[in-house]
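User: Got a model to go through with you. Can we start with the pockets?

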Amino acid sequence: YFRHCAKNPNTLIAKFLGMYRVKLYHLKRNIKFIVMKSVYDTDKPLHQIFDVKGSSLGRDADPGDAVKKDNDIRRVLPEGAFVLEPGLRQRLREQVERDCQWLGSMKIMDYSMLIGVH
């Protein structure tokens, strides 16, 4: 993971900042947790958020869910809503391919992309 992030500073894979363990002596147990970098470190308001897996099977959000899914994009956004400058589109595509290759090499199959729309 560290090597992949170092070689790919623009990786879209969530960045882990640390793993910690807190000993709770009075409860005789440990709590383990991780700290991750915020996916949306921005001052701009997000109007819609989509959790995209690239599938249509079972990819509908329940009514009232704040985070929409693949099929919701097809219904909610107009055709071509994710238009990017060609150079940015190519770099994004290449990074997604590198990330997916790494995830596959680690035998990680469940991958989704969280997309925020301003």
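Analyst: The largest pocket holds about 1,900 Å³ of space. On a 1 Å grid over the protein atoms alone, a pocket is an open set of points where a 1.4 Å probe fits, with protein on both sides within 12 Å along at least five of seven lines. Volume is the space filled by probe spheres set on the points, joined across faces, edges and corners.

User: Which residues are closest to its centre?

Analyst: Leu12, Leu92, Met113, Leu114 and Ile115, out of 50 lining residues. Lining means an atom within 4 Å of a point.

User: What should I know about the model itself?

Analyst: It is predicted: local features need pLDDT of at least 70, side-chain atom pairs need 80 or more, and totals for chains, interfaces and linings use all residues. Numbering starts from 1 along each chain as its sequence is written, and side-chain values use heavy atoms, without hydrogens and water.

User: Which element gives the most to the lining?

Analyst: α3, with 10 residues. Helices (H or I, at least four residues) and strands (E, at least two) are DSSP runs, numbered from the N terminus.

User: How does the lining divide into nonpolar, polar and charged?

Analyst: 25 nonpolar, 11 polar and 14 charged. Nonpolar is Ala, Val, Leu, Ile, Met, Phe, Trp, Tyr, Cys and Pro; charged is Asp, Glu, Lys and Arg; the others, Gly among them, are polar.

User: Switching to the sheet. What order?

Analyst: β4-β3-β5, an open sheet with mixed pairing. Strands pair if DSSP finds at least two bridges between them.

User: How many bridges join β3 to β5?

Analyst: 5, and the two strands run antiparallel. Isoleucine 49 has glycine 116 in β5 as its bridge partner.
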